[in-house]
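Please view the sequence and the model first, and then consult the points below.

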Amino acid sequence: MLLSKLFIPILKNNPSEAKIKSHQLMLRVGMIKQASAGIYSWLPLGFKVMKKIEEIVRQEQNKIGAQEILMPTIQSSEIWKESGRYEDYGEEMLRIKDRQNREMLYGPTNEEQVTEIFRSSLKSYKSLPQLLYHIQWKFRDEIRPRFGIMRGREFYMKDAYSFDVSDEEAFYSYNKFFLSYLRTFKRLSLTAIPMAADTGPIGGNLSHEFIILADTGESKIFTDKRIFDLNSNDTKLEKNSLQQMRKKYEQYYSVTDEKFSKEEFEKVVSEENRLITKGIEVGHIFYFGDKYSKAMGASVDLPGGKKDFVKMGSYGIGVSRLVGAIIEAKYDNKNEIMKWPLSVAPYDLALVPMINKNDSSALEKAINMYKELVKNNIDSLIDDTEENFSSKIKKMNLIGAPYQIIIGKKSDNDLLEFKEIGKETENLPLTKIIEIIKKQKNLN
Ligand code: 5CA
């Protein structure tokens, strides 16, 4: 792709209305454009990153056996009246009337819709467990939309729902999602910590938020530092292994604001291990048993002929919020350098030829390299403008492709100036550069 043809309205300076670095960068490099308060259009650069995040989320859902569906954004008020949440949800719900004067709403979440689908289709314990998910726009009329897409009114969410025959089986499903979340955030190169959390308007009494540390986060957290040393690498998708993994995480005190008790924190966490800080909630999982299935009559036949309401949980990931969360975690605001994790980078590599009016040989070299890179599935962006070198590099540092090649007049394929953002420049032939990038891509 040629930079001159990319729809990327870059601003010279940070926009003053943006208070945090992710919002600044997203506006500065034209990833998004505000349409109205808390509602954004996604421009090519931002959309590309979000789609890559979405695909990783999808792959990790599929790996635990969840099945993808797509429910509508607009829902009927009837099912929300059945669950009792039509009134409870209050002003955050965007309510609409159609031409027949029927009350509709723009879905803030889908527990009711998915329960309605389940109850009209499945009747036997033999069909359980069921794990269903979709990735769809949501609308919440937040009282204070802010920080760009971090707290939007319209936002893109992956929400999954589990249906099980008993509490025990439902905890198994819950733990599968717990593991898939750890794996998902790791592939996004984020350290997300599971924290015991409140359930709010979703309901139930078991819940974890997945939080990444950031000073600009809206969640206050209280945690035992040792939780950061854990990983889920050895966890298998079977009951005992998953149970042990959750135990391993839950052995350390780690809670959000609403669950915090000073007395307990000081009792169970030694002073040197205490960490009180802020973070961004990128995922939230809930177990609420038969809250919706009972209210909405979603039951299955059990082995002995009895019936019971299915046990349900729901599992959300803020896909659009993750774009901002990754920037908060990776952007060096002071030096104005972004380095996207290769797994979600808008481009793998930036080619920066030095061009002047009389000599386009460096650009021709870049275009030839581009062809070779395409063959190797390396997505690169060529800066074909005639700007001076330092402003070209400045721009590429904001766009954040993790690798750069500088091409001067004398460059040949034998020794190119190659650089991974944040590291020293090396002189390498194109074949070696391709090898390095391919190897990194395979690790993701
Ligand atoms: N039904 C449940 C689980 S699917 C649910 O809606 N959970 S939630 O309210 O916690 O939202 C799930 C995730 O969506 C959050 O963890 C957060 O990452 C993201 N999210 C929530 N509200 C917003 C918002 N206003 N803007 C951007 N992302 C949001």
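The model is predicted. Its ligand sits in the largest pocket, and 22 residues surround that ligand. The largest pocket has a volume of about 1,000 Å³, while the second largest pocket has a volume of about 320 Å³.

**The shell around the ligand**

- The residues closest to the ligand are T109, E111, R140, G152 and E281.
- Sorted by class, the shell around the ligand holds eight nonpolar, seven polar and seven charged residues.
- Three strands, β8 (154–164), β13 (274–289) and β16 (311–318), each contribute at least two residues to the shell around the ligand.
- β13 gives the largest share of this shell, namely five residues.

**Polar contacts and burial of the ligand**

- A polar atom in the side chain of E281 is 2.5 Å from an oxygen atom of the ligand.
- In V282 the backbone is involved: one of its N or O atoms lies 3.5 Å from an oxygen atom of the ligand.
- The side chain of H284 has an N or O atom that lies 3.2 Å from an oxygen atom of the ligand.
- The ligand taken alone exposes 600 Å², and the protein buries 95% of that area.

**The largest pocket**

- The pocket that holds the ligand has a volume of about 1,000 Å³.
- It is lined by 45 residues, and those closest to its centre are R140, R151, E281, H284 and R321.
- R140 and E281 are also listed among the residues closest to the ligand.
- At least two lining residues of the largest pocket come from each of β8, β11 (219–224), β13, β16 and α10 (319–330).
- With seven residues, β13 supplies the largest share of the lining of the largest pocket.
- The lining of the largest pocket divides by class into 16 nonpolar, 15 polar and 14 charged residues.

**The second largest pocket**

- The volume of the second largest pocket is about 320 Å³.
- Its lining consists of 16 residues, of which L182, K186, N231, S232 and Y249 are the closest to its centre.
- α6 provides the largest share of the lining of the second largest pocket, with five residues.
- In terms of class, the lining of the second largest pocket comprises nine nonpolar, four polar and three charged residues.

**Backbone features**

- L128 and P129 are joined by a cis peptide bond, with omega at about 0°.
- P129 belongs to the loop between α5 (111–121) and β7 (130–139).
- N101 is not a glycine, yet it has a positive phi of about 70°.
- N101 is located in the loop between β5 (94–97) and β6 (103–106).

Definitions and conventions
Residues numbered from 1 in each chain as written. Predicted model: local features only at pLDDT ≥ 70, side-chain atom pairs only at ≥ 80, totals over all residues. Heavy atoms only, no water. Near = heavy atom within 4 Å. Polar contact = N/O pair within 3.5 Å; in protein donor to acceptor, adjacent residues only side chain to side chain. Areas by Shrake-Rupley, 256 points an atom, 1.4 Å probe, with all protein chains shown as cover. 1 Å grid on protein atoms, 1.4 Å probe; cavity = no way out; pocket = protein on both sides within 12 Å on 5 of 7 lines; lining within 4 Å. Sits in = over half its atoms within 2 Å of the grid points. Helix = DSSP H or I, 4+ residues; strand = E, 2+ residues; numbered from the N terminus. Nonpolar A, V, L, I, M, F, W, Y, C, P; charged D, E, K, R; others polar. Points joined across faces, edges and corners; volume = space filled by probe spheres on them.
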